[in-house]
Amino acid sequence: MAVKVYVVYYSMYGHVAKLAEEIKKGASSIEGVEAKIWQVPETLHEEVLGKMGAPPKPDVPTITPQELTEADGILFGFPTRFGMMAAQMKAFFDATGGLWSEQSLAGKPAGIFFSTGTQGGGQETTPLTAITQLTHHGMVFVPVGYTFGAKMFNMDEVQGGSPYGAGTFAADGSRWPTEMELEHAFHQGKYFAGIAKKLKGSA
């Protein structure tokens with residue numbers, strides 16, 4: 001049976017969604033892996049989103065907490081709000097209490113990717129504080145580490161991401177993921193899928 005990797009994200013302006021697409025491509029490049037993208041429910045009204053200048057949501061299925069149990073591995077993506085995950089993703093995690101009580105996600109590998117507005121806006125604190133959600137579920141955190149290689153040491157251009165996972169800087173919303181950041185996202189998806197495949201094969 002195929003190894004199922006779910007890429008579950010929240011994206012208000014599309015930056016995290018762009019990373020999610022590349023992560024899915026990377027995961028799908030591993031033989032025997034079936035990757036699928038999901039978005040979590042929006043908590044803001046359309047009127048509020050309109051005033052914030054948010055574009056329409058992409059044609060991506062909305063996941064329910066119970067559907068997480070179908071995956072062999074899950075990558076969670078979200079923008080930061082004051083150095084932590086956005087409230088929409090936190091609300092989704094808050095709705096997984098039933099899974100937590102049964103420890104339905106325990107032992108499943110999980111990864112994190114993210115977007116911040118500035119260089120000091122949470123490229124490390126956002127994933128670091130998000131790990132608590134995975135820990136309470138008993139999930140196995142799979143950081144990308146420095147497996148992306150020499151490109152993680154590149155100082156010639158501004159680039160998001162960290163050993164915790166792929167990332168990008170949105171600035172005022174006008175900056176989009178660079179080629180380097182998208183490569184990092186692809187690599188994370190491929191690396192994570194390889195780990196998920198190994199874990200399922202040894203189960």
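In the second largest pocket, the lining residues divide into six nonpolar, eight polar and two charged (Ala, Val, Leu, Ile, Met, Phe, Trp, Tyr, Cys and Pro count as nonpolar, Asp, Glu, Lys and Arg as charged, and the others, Gly among them, as polar). The model is predicted: local features need pLDDT of at least 70, side-chain atom pairs count only at pLDDT 80 or more, and totals for chains, interfaces and linings use all residues. Residues are numbered from 1 along each chain as its sequence is written, and side-chain values use heavy atoms, with hydrogens and water left out.

Reader: Which element gives the largest share of the lining of the second largest pocket?

Author: The elements that give two or more residues to this lining are α1 (15-28), β3 (73-81) and β5 (109-116); helices (H or I, at least four residues) and strands (E, at least two) are DSSP runs, numbered from the N terminus. The largest share, three residues, comes from β3.

Reader: Is S162 buried or exposed?

Author: S162 is found in the loop between β6 (140-141) and β7 (167-169). Buried means under 20% relative accessible area, exposed over 50%, partly exposed in between (1.4 Å probe, protein chains only). Because its relative accessibility is 5%, S162 counts as buried.

Reader: Which residues does S162 touch, not counting residues up to four places away in sequence?

Author: Contact means heavy atoms within 4.5 Å. The side chain of S162 reaches the backbone oxygen of Q123 at 3.3 Å. Not counting residues up to four places away in sequence, S162 touches F114, Q123, E124, V144, G145, M152 and H184.

Key:
A polar contact is a pair of N or O atoms within 3.5 Å; within protein, one must be able to donate a hydrogen and the other to accept it, and residues adjacent in sequence count only if both atoms are side-chain atoms.
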